[in-house]
Each structure stands twice: as structure tokens, then as C-alpha cells.
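Here is a guided reading of one protein model, meant for someone who has not looked at it before. Please keep the sequence and the 3D view at hand while reading.

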Amino acid sequence: MSAPTVAACQHAIADCDPAANVATVRTRLTGLADRVDVAVFPEYALTGFVADDRVSDAALARDGAELATIADAAERAGTAALVGFVEDAGDGLYNTLGYLGRDGERSYYRKRHLWGDETDVLDAGDRRTVVGTPVGRTAFLTCYDLNFVRESAALVDADIDALFVPGAWPAAHGANWDLLLRARALDGVRWVVGCGRTGARTLGDPREYAGRSAVVRPDGTVRARLGRDERDLVAPLDPAILAEQRALVGSVGESRERSARP
């Protein structure tokens, strides 16, 4: 069997314009190359973000028409999709990732570590999410979550094979995004797929985004990377490479053994 394939679908986002963003994501899904097993989109791919009342108007419900449209497009493309959005949960707003599986299953992750002005209008999530995907057991982090080593350490015990990281990293700090993606791959001996927003924010405080989507091998080296253009980064995540690196390093299995001891 061939290795499962992931696409990091890097693109610019229209802040507080869900209709435009849903159209963009749908177009990118339907235009994917044959046999992409999982498509990963940037942070806030469906809504964008600004830290004022406009974000409430742009927020989406999990069971709304927008997520249904993306799920339908993903099904037609024969791929699973991971998309970010501001979630209206009724009791608050969250920076949420929705994993839309090929068999209709859905899972969600709410960003646990809010950054900057997100704290003015959003609530933080309080749970980690691990799901079965075509590439194996997979966990999600969102952008600034990358900075927290304890999140990565907790996921070692969860025995994950891949980590998907949608982001909207400022262009001025793109080197840190690169470094942290590599670190999170190496410290968990896992595949990491980072999909970054590109372009600029024109609502609220102006900001340029780094892009720099990347697929990082379990040994911490970069398998493939984009610049700031709007493109799909498609790469296989070979389970044999993961097994080989874990056999070489041994740290993942040793960590699980220690955690299981009384």
C-alpha cells in the first residue's frame, strides 16, 4: 500500500467574511490532486479574526450550513479536512478546529493557549483532541499552542503518529514557526504538518502573515516547505519512516513505559 498523503492548503483569508472563505476552501478542496487523504487549512480558515464585535457576527456554529458545505466538498474530493473557525458555542466564542472525516465523523479542538488580543473576545479550550485519521492517531494544536512543551509532552503519552498545526503566524516571526514545528516533531518523534495563513489582515491592526507551511519528518528535518504563495503542499507521510525513527531513538516507547510504572 502507498503511504497516506496530506495537503497543507496555504491561502489568504478574508477576515469576518465567512461566505468568501467558505468559497475559497471549497474551491481548494475540489481542486486537490488525486488521492489526498487529509487536507489541512490555516487557523481561522472559514472566518478570519479581529478582536472586536465583528468576530461575533462572523462566528459559526458546529452544525451550521458552512461546516456542512465544507464536509460535502471534502466528501466529493474523497479527502478528510481540518478547518479552523471562530465557533459560536452559545456560551462563548472559541478558536476551533473541525476535523471532518471521510466517513462523516466530526471531531473538534478548541485552542488552549490564546495569544494577544484573542483573550479579549475568546474563551480558551480545556481539552486535547486525538482522532484516528488516514495517517494514524493524530492530534491537533493551533498556532501559539506550539510554544508550550507540556502540550507536546502530554501527546507523547497519547501515542500519536502525526500532529496537525493550523496557524496564522506573523511574518516577522516566521523563523520561530519553523523552529517550533521541527521541535514538536522531534520531541514526540512524529510527523508534523503545519499549515500557515499567508497574505495580510486588513481589518483591525494590519498584519502580514508568514505562510511557510511545512511537513516535518519524525527526525525533525523538513520534508517540504512553502514560502508565502497560495499553494497546496502535498506530501506522503510514510509509516515506515516513523517506525524507523522510533526504533532508532526509542524515547517515545521509553516515555510510555515510565508513565505506566506504579
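This is a predicted model: local features need pLDDT of at least 70, side-chain atom pairs count only at pLDDT 80 or more; totals for chains, interfaces and linings use all residues.

**A walk through the model**

Ala8 has Val40 as its bridge partner in strand β2. The contact belongs to the pairing of β1 with β2, which is parallel and made over three bridges. Strands of a sheet pair through backbone hydrogen bonds, either parallel or antiparallel.

The other sense of pairing is found between β1 and β14. Strand β1, residues 5-9, is joined to β14 by five bridges, and the two run antiparallel. Two of the residue pairs can be picked out in the view: Ala7 has Val234 as its bridge partner in β14, and Cys9 stands opposite Asp232 of β14.

These strands belong to an open sheet of six strands, in the order β5-β4-β3-β2-β1-β14, with mixed pairing. At its edges are β5 (106-110) and β14 (232-236), each of which pairs on one side only. Neighbouring strands of this sheet are turned against each other by 25 degrees on average, direction ignored.

How do the side chains of β1 point? In a regular strand the side chains alternate between the two faces of the sheet. In β1, Thr5, Ala7 and Cys9 point one way, Val6 and Ala8 point the other way, and all are buried. Because five of the five residues of β1 are buried, the strand is largely enclosed by the rest of the structure.

The next stop is helix α6. It covers residues 174-188, which makes 15 residues; at 1.5 Å a residue the helix should span 21 Å, and its end C-alpha atoms are 22 Å apart, which agrees. An α-helix has 3.6 residues a turn, so residues three or four places apart point the same way. The buried residues of α6 are Gly174, Trp177, Asp178, Leu180, Leu181, Arg184, Ala185 and Gly188.

Backbone angles come next. Most residues other than glycine have a negative phi, and most peptide bonds are trans. Val189, which follows α6, has a positive phi, near 45 degrees. Tyr44 is a residue other than glycine with a positive phi as well, near 55 degrees. Tyr44 sits in the loop between β2 (38-40) and α2 (54-58), and with a relative accessible area of 4% it is buried. Cys143 is not a glycine either, yet its phi is positive, at about 45 degrees. The loop that holds Cys143 lies between β7 (136-140) and α5 (149-157). At 6% relative accessibility, Cys143 counts as buried.

Rolling a probe the size of a water molecule over the atoms shows where empty space is left. The largest pocket has a volume of about 300 Å³. Its lining consists of 21 residues, and those nearest its centre are Trp115, Cys143, Ala168, Pro170 and Arg207. By kind, the lining divides into ten nonpolar, three polar and eight charged residues.

Technical notes
Residues are numbered from 1 along each chain as its sequence is written. Side-chain values use heavy atoms; hydrogens and water are left out. On a 1 Å grid over the protein atoms alone, a cavity is a set of points where a 1.4 Å probe fits but cannot get out, and a pocket is an open set with protein on both sides within 12 Å along at least five of seven lines; lining residues have an atom within 4 Å of a point. Grid points are joined across faces, edges and corners, and a volume is the space filled by probe spheres set on the points. Ala, Val, Leu, Ile, Met, Phe, Trp, Tyr, Cys and Pro count as nonpolar, Asp, Glu, Lys and Arg as charged, and the others, Gly among them, as polar. Helices (H or I, at least four residues) and strands (E, at least two) are DSSP runs, numbered from the N terminus. The expected span of a helix is 1.5 Å times one less than its number of residues. Buried means under 20% relative accessible area, exposed over 50%, partly exposed in between (1.4 Å probe, protein chains only). Two strands pair if DSSP finds at least two bridges between them. Axes are lines fitted to C-alpha atoms, for helices over the stretch in contact, and angles run from 0 to 180 degrees between N-to-C directions.
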